[in-house]
Amino acid sequence: MISFILNDREYATGLPPGAVTLDLLREEAGLTGTREGCREGDCGACTVLLGTPLQQGIEYRAVNSCILPVAELHGRHLVTIEGVNPEEGLSPLQQVIVDEGASQCGFCTPGIIMSLTAYLLGTVDPDDLRAADSLAGNICRCTGYVSISKSAKTVSGIAGHSPAECCTSREHLEWLVEKEILPPYFLGVETMLHAMDAVESEAVVSGKTVTVAGGTDLFAAEAEDLRNTDLRFLSRKTGMNGITILENRVLIGAGATVRDIIDSGVFCNSGNLERSLQLVASPQVRNRATVGGNIVNASPIGDLTIIFLALDARLRILNGSDAREVQLKDFFRGYKLLDLSPGELLESIVYKELDSATFINFEKVAMRKHLDIASVNSAAAFSVSGGRIEKADISAGGVAPVPLYLERTSAALRGMDITTDTAQLAVRTARSEVSPIDDVRGSAEYKKLLLGKLVAAHFVELFPGQINAGELL
Ligand SMILES: Cc1cc2nc3c(=O)[nH]c(=O)nc-3n(C[C@H](O)[C@H](O)[C@H](O)COP(=O)(O)OP(=O)(O)OC[C@H]3O[C@@H](n4cnc5c(N)ncnc54)[C@H](O)[C@@H]3O)c2cc1C
Ligand code: FES
Ligand code: FES
């Protein structure tokens with residue numbers, strides 16, 4: 001049985017571990033406030049909160065219940081829109097939506113309330129901009145976003161600043177309860193979770209077992225097939241999501257999510273990487289999507305994979321108690337073909353910490369700014385000394401069957417002065433090094449052109465004083 005706290009009470013389900021939480025809520029628990037839209041993690045109508053007990057307090061994150069397997073609920077707190085309703089009337093968040101006219105048909109509204117609640121649970125100093133950003137994964141088809149984003153801004157004003165220092169502390173919860181943003185039962189959930197004694201059972205791993213990390217790729221694509229498949233859940237494996245820096249090497253556990261990486265600050269002095277991660281997918285997806293899943297999924301346009309290729313990262317791979325290492329650029333052998341045997345697990349990603357002489361930049365072109373995968377993306381890292389490139393690592397996505405390390409372009413730049421001519425050489429070499437195909441995201445010719453522009457953009461962004469952007473672009 002999978003046991004957890006559903007809103008204010010203990011709940012156990014006999015559904016298979018691979019059934020999705022949205023179905024549990026609507027079909028088994030009769031909680032139909034959580035809406036079913038796309039079932040692909042795209043629209044946010046099914047947003048719920050997942051509370052994970054920490055050593056002290058509970059960390060709540062907004063997640064899409066349509067791509068969340070029920071196994072992930074075990075020993076955790078699941079909160080739906082019914083779980084944030086006050087006993088009478090509307091909560092302040094619900095009232096703001098009404099006052100701002102931010103709901104017409106109301107289909108998206110429960111998801112929006114849950115994302116705003118998650119935002120307030122996850123911050124002690126709410127601000128307008130970040131409150132509006134927290135709704136990047138919630139699509140509304142009829143109201144229009146001006147009133148919705150005005151509501152988000154009003155919400156941060158209503159909440160004010162929490163007296164707590166940390167958003168998982170009890171003081172922070174008490175503050176939200178006092179503001180009537182959360183019902184009082186939230187204050188007893190930690191004790192209820194500790195009393196549950198939710199023992200983990202290690203999955204039996206067979207040749208047919210599918211490994212699930214965040215499940216955002218797997219469950220968006222094949223939730224029906226996974227419902228009755230043997231699954232191994234990595235989120236339950238300890239030691240896979242740490243992020244540490246040791247002797248100038250950064251080690252990121254394969255189970256670390258995009259949100260974990262942003263929160264760790266490990267990219268804060270790494271060019272535009274932190275900002276770029278904030279544009280990956282949506283808050284709900286970033287809360288679950290792992291770096292290991294991004295790499296092993298082997299999508300030619302995986303944003304994290306493209307970034308780690310430019311960081312010249314190495315992978316540590318486990319097979320039982322044996323471990324081996326492989327260079328990320330050698331990991332991809334063909335379309336969805338990897339240097340990874342059945343039973344092997346990607347444990348961590350390691351790269352050299354950036355020093356003050358290394359410059360890195362990531363560029364992505366997609367059909368829309370938020371919630372979209374790239375048509376073409378690229379990252380570039382340059383180690384520079386005295387105006388000369390000592391080492392270059394450039395990667396490109398969407399231009400080959402695999403996420404590509406641009407060997408020839410990277411090699412051609414070694415020892416070159418940083419000038420517009422050098423940037424033009426990089427653009428020409430990159431274009432000649434790839435053979436994209438026509439697909440829904442663009443023609444081969446368009447993608448080649450785009451890659452050239454992205455390579456040029458790396459130089460313009462990183463070396464504005466040395467490059468003549470007008471000549472280059
Ligand atoms: C709406 C939406 C928007 C998205 N937008 C973006 C985007 O903007 N940019 C982007 O790059 N991606 C995007 N994605 C794709 C996805 O979120 C990422 O690729 C994510 O990083 C996958 O990680 P995961 O943990 O969810 O992988 P999972 O779905 O759990 O797993 C993916 C694959 O990797 C395998 N696997 C996972 N971890 C390991 C491991 N440690 N060892 C061995 N095998 C493993 C699994 O078996 C599976 O085959 C989006 C997805 C959705 C649903
Ligand atoms: S139903 Fe659209 S994100 Fe879940
Ligand atoms: S109010 Fe109708 S979809 Fe948002």
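Predicted model: local features only at pLDDT ≥ 70, side-chain atom pairs only at ≥ 80, totals over all residues.

Biologist: Which strands form the open sheet whose pairing is antiparallel, and in what order?
Modeller: Strands of a sheet pair through backbone hydrogen bonds, either parallel or antiparallel. Helices (H or I, at least four residues) and strands (E, at least two) are DSSP runs, numbered from the N terminus, and two strands pair if DSSP finds at least two bridges between them. Here, five strands make an open antiparallel sheet in the order 8-9-14-10-11. Strand 8 and strand 11 (322–327) are its edge strands, each pairing on one side only. From one strand to the next, the twist averages 25 degrees; axes are lines fitted to C-alpha atoms, for helices over the stretch in contact, and angles run from 0 to 180 degrees between N-to-C directions.

Biologist: How many bridges join strand 10 to strand 14, and which residue is the partner of L315 in strand 14?
Modeller: Five bridges join strand 10 (residues 314–319) to strand 14, and the two run antiparallel. L315 has I349 as its bridge partner in strand 14. In strand 11, L315 stands opposite V326; strand 10 and strand 11 pair in the antiparallel sense over six bridges. Strand 14 also pairs with strand 9 (residues 249–253), again antiparallel, over five bridges, and there L251 is partnered by V350.

Biologist: In what order do the strands of the mixed sheet stand?
Modeller: The order is 2-1-5-3-4, in an open sheet of five strands with mixed pairing. Strand 2 (9–13) and strand 4 (58–64) are at the edges with a single partner strand each, so one side of each has no neighbour in the sheet. The twist averages 35 degrees from one strand to the next. As an example of parallel pairing, strand 1 (residues 2–6) and strand 5 (residues 77–79) are joined by two bridges, with L78 as the partner of L6.

Biologist: Which residues of helix 7 are buried, and which are exposed?
Modeller: A residue is buried if 20 or more other C-beta atoms lie within 10 Å of its own, exposed if 12 or fewer, and partly exposed in between; C-beta atoms are placed from the backbone. In helix 7 (residues 189–196), V189, E190 and L193 are buried. These three lie on the same side of helix 7 because they cover an arc of only 100 degrees around the axis, the arc being that of the directions from the helix axis to the C-beta atoms. T191, H194 and A195, on the other side of helix 7, are exposed.

Biologist: Against what do the buried residues of helix 7 pack?
Modeller: Packing is read from contacts: two residues are in contact if their C-beta atoms, placed from the backbone, lie within 7 Å. The buried residues of helix 7 pack against strand 1, strand 3, strand 4 and strand 5. Helix 3 lies across strand 3 (47–53) and strand 4, at about 30 degrees to strand 3.

Biologist: Finally, which residues come nearest to ligand 1?
Modeller: Of the 32 residues around ligand 1, A213, G214, G292, G293 and N294 come nearest; a residue is near a molecule or strand if its C-beta atom, placed from the backbone, lies within 6 Å of it. Helix 12 gives the largest share of this shell, five residues.

Methods
Residues numbered from 1 in each chain as written. Chains lettered and ligands numbered in written order.
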